[in-house]
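Here is a short report on a two-chain model. Read it with the structure open.

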Amino acid sequence: MTVNGSTQEHDVEPRLLLVFYLREVLGLTGTKIGCDTTSCGACTVLLGGESVKSCTMFAVQADGAEITTIEGLATNGDFHPMQQAFHENHGLQCGYCTAGMVMAAVSLLKEQPDVTEADVREGLEGNLCRCTGYHNIVKAVLAAAGTGGAA
Amino acid sequence: MTAVIGTRYSRREDAPILTGEARYIDDLVVPGALHVALVRSPHAHARVTSVDSSAAAAMPGVVAVYTGADLAGEWAGPMPCAWPVVEDMKSPAHFPITPDKARYVGDAVAAVVATSAVAAKDAALAVVVDYDVLPAVIDLEDSLSDRVVINEDLGTNLAYTWELKPDEAKVDEAFAGAAHTVKERYVQQRLIPSAMEPRGVLVVPAPFGGDYTVYSATQIPHILKVMLALGLGISETKIRVIAPAVGGGFGSKLNVYAEEVLCLALARKLKKPVRWTEERTENTQATIHGRGQIQEIELAADANGKVTAVRVSLLADMGAYMQLVTPGIPLLGAFLYHGVYDVPAYSFTCRSVFTTMTPTDAYRGAGRPEATYAIERAMDALARKVGVDPAELRRRNFIPAEAFPYSSAPGLVFDSGNYDGALDKALEMVGYEGLRKEQTMRRESGSKKHLGIGLSSYCEMCGLAPSRVLAALKYGAGGWEAASVQLLPTGKVQVTTGTSPHGQSHETCWSQIVADRLGVSPDDVDVLHSDTAISPLGMDSYGSRSLAVGGTAVAMATDKVIDKARTIAAHQLEVSESDLDFAGGVFSVKGSPDKAMPIQAISFASFTGHNLPDGMEPNLRAEASYDPPNFVFPFGTHVCVVEVDEETGKVDLLRYVAVDDCGNQINPMIVEGQIHGGVVQGVAQALFEEASYDEDGNLLTSTLADYLVPSAAEMPSFELGFQVTPSPTNPLGVKGIGEAGTIASTPAVINAIVDALSPLGVTDIRMPASPQRVWQTIQEAKGAR
């Protein structure tokens with residue numbers, strides 16, 4: 001598969017989840033594990049540009065796919081507009097949900113560039129945050145929507 | 001130089017997090033580390049009769065399997081409880097692996113050590129444990145009856161009775177002469193803190209040097225170090241504790257846990273790095289829970305609704321064991337059951353019992369949300385009885401602004417406040433009069449969609465805490481905080497703090513405090529923390545203490561640095577210190593502004609030591625430890641507006657207005673973020689969350705699929721307003737804000753629901769107010785009419 005633009009080839013156990021492949025085989029620990037029931041969304045990555053919870057699929061299922069993790073979002077040392085929007089709007093506190101939240105938000109704006117507050121709230125339903133109360137996350141996504149957050 | 005305190009300075013913590021660079025406990029890679037998996041009891045109460053580990057021990061990758069008996073020689077003592085609230089408190093001996101019986105579902109009965117996490121978990125499933133199952137105790141009143149005594153050696157389930165009764169005769173007299181009384185019973189359900197990052201620990205030993213580096217997802221690296229040394233008989237000088245990036249705590253990581261002690265013991269025994277990462281189901285079962293109280297509150301009032309006495313009786317759920325501060329949690333609320341009201345007579349009793357459920361301990365607010373809930377619900381009940389608007393009843397009872405500092409009947413001194421101001425502002429923001437009119441119109445039209453408006457006027461004691469007060473409450477440590485500030489040779493500033501942030505933005509805010517005083521850019525100030533080797537003195541982060549206590553220590557250390565710099569400047573400029581001005585980071589001679597030295601030049605001079613006053617030590621560095629003379633008392637009024645569907649029981653949050661006063665604000669953006677998150681946790685208690693147990697003591701909400709942490713879809717945006725009444729307690733004039741939102745919001749929501757449904761005869765609703773429960777409550781109220 002291609003991860004953040006580089007080709008990766010490994011023989012893996014069939015039971016290895018994609019999130020463990022990313023974290024333990026590739027060392028991309030920016031993607032987090034917060035639960036074991038696919039409820040929290042901390043492990044959200046982009047697969048072919050669409051958000052997927054990387055604990056819900058096996059690594060072998062992503063064979064040949066193009067994966068983007070939080071490590072692959074910034075370009076040439078510059079924040080992606082969504083990262084910038086989270087920073088400017090204080091959309092993160094402890095940061096544990098942030099990677100998944102940012103990836104889910106990028107995917108949301110790609111599918112639906114003109115979002116309302118209700119769309120954002122509905123669209124991020126699968127990602128839990130315990131710190132921010134979501135207020136500033138929603139604000140950040142709305143701000144990014146106005147500045148090319150889907151790019 | 002423009003002011004940096006009070007500005008929305010953007011967070012320096014963000015970049016590593018937003019790029020995936022920040023390393024949390026499970027992101028740390030240590031070659032050769034062994035992994036621990038725990039065999040946990042599936043029974044709430046059961047004697048362990050045998051553990052057969054032969055099959056597990058033979059599995060691939062397994063290094064060892066240990067029972068409680070195998071490890072008995074490792075412990076220097078049982079797991080610590082730092083807050084024995086009374087002399088004769090009962091407490092069962094608690095060990096990382098239970099040697100005798102399991103006291104809750106999740107209690108560890110064996111540990112498997114293997115070369116990978118997967119191998120350890122597979123083998124844990126192969127350990128065969130025989131149990132003699134005993135009856136579960138999950139009801140607090142049942143526990144109190146001692147029908148089943150969980151710990152035979154203690155003879156009772158009653159852990160302690162704690163009373164605060166300054167003048168019982170006065171209370172009795174007030175009730176005897178009252179025109180109105182209310183007596184309410186509320187249930188504070190158990191909550192699961194649910195930090196998004198589960199716990200984890202990694203111990204790296206240096207077997208020949210005899211020292212250990214302990215990485216843990218903890219709020220309290222300093223306290224943990226002391227407790228690990230005591231608990232395992234290791235010299236404190238040989239333990240270094242590091243809290244890496246920590247993904248939220250909310251009190252749940254303010255503890256010393258079995259797994260932390262176990263991993264250090266195993267690293268010592270096996271002479272290898274040992275790690276354990278918590279799964280979410282372990283988090284729900286074996287990390288502490290919060291709340292868990294049955295509250296009885298009585299108010300006596302005169303004909304106008306002026307409250308003359310408050311009498312409170314609590315029954316508090318300790319769970320299976322006393323964790324670090326379990327017994328003290330009800331005491332943190334014990335002084336606050338009169339809320340923001342001037343009440344002359346006060347009586348408080350708490351009885352605390354053991355059950356066969358997960359231990360309880362600090363969860364955001366810890367004791368103070370419970371107190372605020374009880375008084376704010378009871379004030380609404382009193383308003384209905386007296387027949388006045390709840391806002392008006394609050395006004396009649398507020399401690400007046402001119403009464404501060406206010407000595408309360410239970411014995412606190414409230415530092416500063418303006419409760420009327422916060423209420424007025426909140427009512428204006430929400431458009432209270434208009435909402436009441438709309439509510440009346442809806443009621444008259446027979447609408448099934450009921451509008452409810454709920455108020456919560458709160459204050460809380462935080463900034464834990466004056467050490468002498470903690471001594472009086474029998475807490476085992478002090479409440480000070482420490483910091484150091486050092487100007488480096490290049491003029492950059494390095495700060496160490498004893499606070500241990502896990503989302504609260506201390507790096508950003510402390511740099512603002514230091515930069516403001518030194519007259520440098522916050523970008524030139526770095527803040528180091530959460531490593532006992534770098535910042536050896538500290539009491540860590542909990543109880544909304546970090547700014548009011550830790551931030552003050554940072555300010556004090558900065559001032560000491562400035563004082564020393566002034567002496568050096570005077571020496572080098574050959575003037576007296578009183579002839580110097582200090583502004584914008586530059587010392588200049590009064591009347592001769594060209595004779596000046598920037599603080600960076602003084603820093604370099606102190607580094608070279610070439611030309612310092614006689615006898616002065618080189619280097620521009622200072623330390624400070626600050627023990628606060630009092631708590632701080634943030635306050636405010638929150639207003640929640642709900643629509644309740646009579647036919648489905650569904651509650652919609654239409655609006656949420658919060659007016660908070662935490663004194664001076666270092667960074668309003670951070671303050672707002674703390675309120676947003678705090679409010680949602682309190683709203684979640686009101687509407688969604690409960691750790692539910694079946695009668696056999698099984699936790700039914702052991703995953704995030706069952707335990708309803710709200711998502712963005714269930715929450716509205718918030719309307720925040722502020723008032724600033726500085727605290728006279730500390731030189732920054734600040735109060736804590738980390739817990740205020742949680743403390744205020746729960747009663748605002750429930751008061752709104754009860755307000756909405758009061759025409760149907762509803763006077764109470766048990767939390768969480770799920771649609772089913774609201775619907776049932778409506779049916780019961782209708783049936784009773």
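Two residues are in contact if their C-beta atoms, placed from the backbone, lie within 7 Å. By that rule, 16 residues of domain 1 of chain B are in contact with 13 residues of domain 3 of chain B. The model is predicted.

## Domains of chain B

Chain B is divided into domain 1 (28-134 + 199-277), domain 2 (290-398 + 418-464 + 630-783) and domain 3 (480-626). The C-alpha centres of domain 1 and domain 3 of chain B are 41 Å apart. On the side of domain 1 of chain B that touches domain 3 of chain B, helix H6 (221-232) and strand E11 of chain B give two or more residues each. H6(B) makes the largest share of that side, with four residues. By class, that side has eight nonpolar, five polar and three charged residues.

## Domains of chain A

Chain A is split into domain 1 (2-72) and domain 2 (81-145). Their centres, taken over C-alpha atoms, are separated by 20 Å. The contact uses 16 residues from domain 1 of chain A and 13 residues from domain 2 of chain A. On the domain 1 side, strand E3 (44-47) and strand E4 (50-53) of chain A each supply at least two residues. E3(A) gives the largest share, three residues. This side of domain 1 of chain A has six nonpolar, eight polar and two charged residues.

## Where the chains meet

## The nonpolar core

In soluble globular proteins, nonpolar side chains tend to be buried together. Here the largest nonpolar core has 311 residues. The residues with the most contacts inside this core are A:Val102, A:Ala105, B:Val36, B:Ala110, B:Val112 and B:Ile753. Helix H16 (residues 546-573) of chain B makes the largest share of the core, 13 residues.

Take B:Val36 as an example. Leaving out residues up to four places away in sequence, B:Val36 touches B:Ala111, B:Val112, B:Val113, B:Ala120, B:Leu262, B:Cys263, B:Leu266, B:Val274 and B:Trp276.

Strands of a sheet pair through backbone hydrogen bonds, either parallel or antiparallel. In chain B, three strands form an open sheet in the order E22-E23-E24, with antiparallel pairing. Strand E22 (580-583) and strand E24 (592-598) of chain B are the edge strands, each pairing on one side only. From one strand to the next, the twist averages 30 degrees.

E22(B) pairs with strand E23 (residues 586-589) of chain B over four bridges, in the antiparallel sense. B:Phe582 has B:Phe587 in E23(B) as its bridge partner. H16(B) packs on the sheet and touches E22, E23 and E24 of chain B. The direction of H16(B) makes about 130 degrees with that of E22(B).

Most residues other than glycine have a negative phi, and most peptide bonds are trans.

| Site | Feature | Value |
|---|---|---|
| B:Phe404 and B:Pro405 | cis peptide bond, omega | about -5 degrees |
| B:Met767 and B:Pro768 | cis peptide bond, omega | about -10 degrees |
| B:Phe250 | positive phi | about 60 degrees |
| B:Ser505 | positive phi | near 70 degrees |

These sites sit in loops of chain B. B:Pro405 is in the loop between helix H11 (390-397) and strand E16 (406-407) of chain B. B:Pro768 is in the loop between helix H19 (740-757) and helix H20 (771-783) of chain B. B:Phe250 lies in the loop between strand E11 (239-242) and helix H7 (258-270) of chain B. B:Ser505 lies in the loop between strand E20 (493-497) and helix H15 (506-518) of chain B.

B:Phe250 has 29 other C-beta atoms within 10 Å, so B:Phe250 is buried. B:Ser505 counts as buried because it has 26 C-beta neighbours inside 10 Å.

Definitions and conventions. Residues numbered from 1 in each chain as written. Chains lettered and ligands numbered in written order. Predicted model: local features only at pLDDT ≥ 70, side-chain atom pairs only at ≥ 80, totals over all residues. Core = buried A, V, L, I, M, F, W, Y, C linked by C-beta atoms within 7 Å. Buried ≥ 20, exposed ≤ 12 C-beta atoms within 10 Å, placed from the backbone. Pairing = 2+ DSSP bridges. Axes fitted to C-alpha atoms, helices over the stretch in contact; angles between N-to-C directions. Domains from an automatic or database assignment. Nonpolar A, V, L, I, M, F, W, Y, C, P; charged D, E, K, R; others polar.
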